[in-house]
Amino acid sequence: MSKKASKNRFAYTPTQTLPKLATIKTEWDLKRLYYKNEKDPKIEADLKTAEKAYTAFAKKWSSVDFTKDATTLKRALTEYEKLSGMPAISRPGRYFSFRSALNARDTVAQKQLTLISKRLRKAGEQTLFFVLTLGKLPKQKQQKFLADPKLAHFRYYLERVFRGAKHHLTEAEEKIISLKGSQAYGRWVDMVDQLIANRAVQWKGTEIHIPHALAMLDELKAPKRKQLWAKIITEMKQLGEVAEHEFNAIITDVRTEDELRKYEKPYSGTALGYEDTEESIERLVEAVSTKGFTQSARFYKIKARYHGTKQLHYTEKYEPIGTAPTIEFPQAVEICRDVFYGVQPRYGELFDTMLTGGQIDVFPKKGKRGGAFMSAETGHPTHVFLNHTSTFSSLETLAHEMGHAIHAERSAQNTPFYDGHSITTAETASTLFENLMFDAVYAQASTKQQMTLLHDRITRDISTIERQIAFFNCELEIHNTIHATGGMTNDELATCMQKHLRSYLGPAVSVTKDDGYSYVYVPHLRFGFYVYTYAFGLLMSTLMADRYKEDNGYAAEIDRFLSLGESDTVANIFKAIDIDTTRKETFLDALENQKADIDTFEKLTKQLKK
């Protein structure tokens, strides 16, 4: 550790008596948890098991009327649920997708993923008849099955099927859409992602890959940050020639499918798939685009004034007030363990198991994909992927992804139909633990450190709430423009991004056309309006964290929320813990926390200027 880092190290004292932790493994142990290598005979054995299971189900149920009565339907649904949760089906794909994440140049893994996807798609298509048949049931019979106590366990699953049925196509059409999915969408997105991962810039005589360079930005002082940003943008401009074709291809493909399925709005399919409603999404977007954008613009005006300028450079939007504490990975682990054990001992135990079991890949390395994620699936170990550096931001990311992991593990007590979670509730869980971790650190920080941490929390929250809704609005404009005009150029896409970045940053931050080319590396713009879930989740988790601070007994409600998995709609899961997500006022109320933080920040900056 450097003298500078050592001087700025944060002193944290655990509030819990933490059990001794065994040796931490900082790399995924794929050989122990999955396969030895790509030639492992267990891979082919799993694939054959999966294919036989699909074939057996189709042979048994495709030629009989499994909807003739509740008893027969219950048997069929029980077998279908078991099939949907078979570990052998998903194990090969998980193994090779993890290898690809660790090394974008692993062509063996990429080829195997393509071949496996082709085999399993063909096998899975044999069961398309099942959901399509359910969807075609007359309304009266649907209601009869929903009310039958024999089918109580499957009620919510059937409700989802019946809601989505009006958007089903014929079995032949569904097979065609499934068949073309990879070529028309997946491969385009993967191509750009891999190009970015493999692209590098020269920095201080060293070749640094783009994901690592992006992660480094916040660690640099303003002049160096601007220099590195310029180098990154030069690469983005060049890759934009490819991204232009990518966006036009994937959005044209999506809108064509939307028309076939008769979705009314570009995000209708997302709302349905995420177990949410269009109205709830629109209320969120309206609340953030008005009150939220006003608050974020005000914050940057205060920030610019503090720095003695009328306008900040785009890379200065996260310019710190003071120096954030240096937190090495072992200390980040200690802080998170303290928080997790404090809320529920089982959460800390889960973290310990993942740390020592090779389920968390921690540090950046050459070829490794950027960013962070959690991956969970029925019958498999939960995995967390990081690119950890010794920053407070990386500590936040660790708490965030472990929030996802804890949610996944608590949801796993449900059966396969319900052991997942909607994207919206997932983002609530992750940001909840991020909030709780922040509160724990903030409580032990000095006044000067609290000033820095408060500033950083506001910028983080703006990045998660206002920035993501700006991305939502940008994505919506891109969809509508390509659909109406037939396409957008690289320059037009950059101009669109520039416009929406300005919408939430306000006039106190300079956003140039060059900054707009950052659209190239923002992956979630490709994920069908996924970005709204970040804002939704953080706003709801803010309300939950407030209740926990007022009464630690609220931990029981937190666990209830996490344990519900995917057993009901988003609205009903929140309703179970007394949060009404159907009202715009709920989102506006949650934004009050951000306003209070900005008010406190403004007072502190004025005090420091005296």
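Leaving aside neighbours within four places in sequence, which residues is Arg 467 in contact with? They are Tyr 318, Ile 462 and Tyr 504. Contact here means heavy atoms within 4.5 Å. Arg 467 sits in helix 20, residues 466-485. Helices are DSSP runs of H or I with at least four residues, strands are runs of E with at least two, and both are numbered from the N terminus. Arg 467 counts as buried because its relative accessibility is 16%. The cut-offs are under 20% relative accessible area for buried, over 50% for exposed and partly exposed in between, with a 1.4 Å probe and protein chains only.

The model is predicted: local features need pLDDT of at least 70, side-chain atom pairs count only at pLDDT 80 or more, and totals for chains, interfaces and linings use all residues. Residues are numbered from 1 along each chain as its sequence is written, and side-chain values use heavy atoms, with hydrogens and water left out.

Next, helix 8 (residues 139-147) and helix 9 (residues 155-164). Two packed helices are described by the angle between their axes and the distance between the axes. Here the angle is about 160 degrees, and the axes are 9 Å apart. Each axis is a line fitted to C-alpha atoms over the stretch in contact, and angles run from 0 to 180 degrees between N-to-C directions. Helix 8 is therefore roughly antiparallel to helix 9. Angles over 145 degrees count as roughly antiparallel, under 35 as roughly parallel, 65 to 115 as roughly perpendicular and the rest as oblique. From helix 8, Gln 142, Leu 146 and Ala 147 meet Arg 155, Leu 158, Glu 159 and Phe 162 of helix 9.

Now take helix 16, residues 345-356. Its 12 residues should span 16 Å at 1.5 Å a residue, and its end C-alpha atoms are 17 Å apart, which agrees. The expected span is 1.5 Å times one less than the number of residues. Its buried residues include Tyr 347, Leu 350, Phe 351 and Met 354. Among the elements that cover the buried residues are helix 15 (329-343), strand 3 (360-361) and helix 18 (423-444). Gly 358 follows helix 16 with a positive phi, near 70 degrees.

Two loop residues remain. Lys 262 lies between helix 12 (222-261) and helix 13 (268-273). Its phi is near 65 degrees, a positive value in a residue other than glycine. Lys 262 counts as exposed because its relative accessibility is 64%. Asp 578 is in the loop between helix 25 (570-575) and helix 26 (584-609). The phi of Asp 578 is positive, near 65 degrees.
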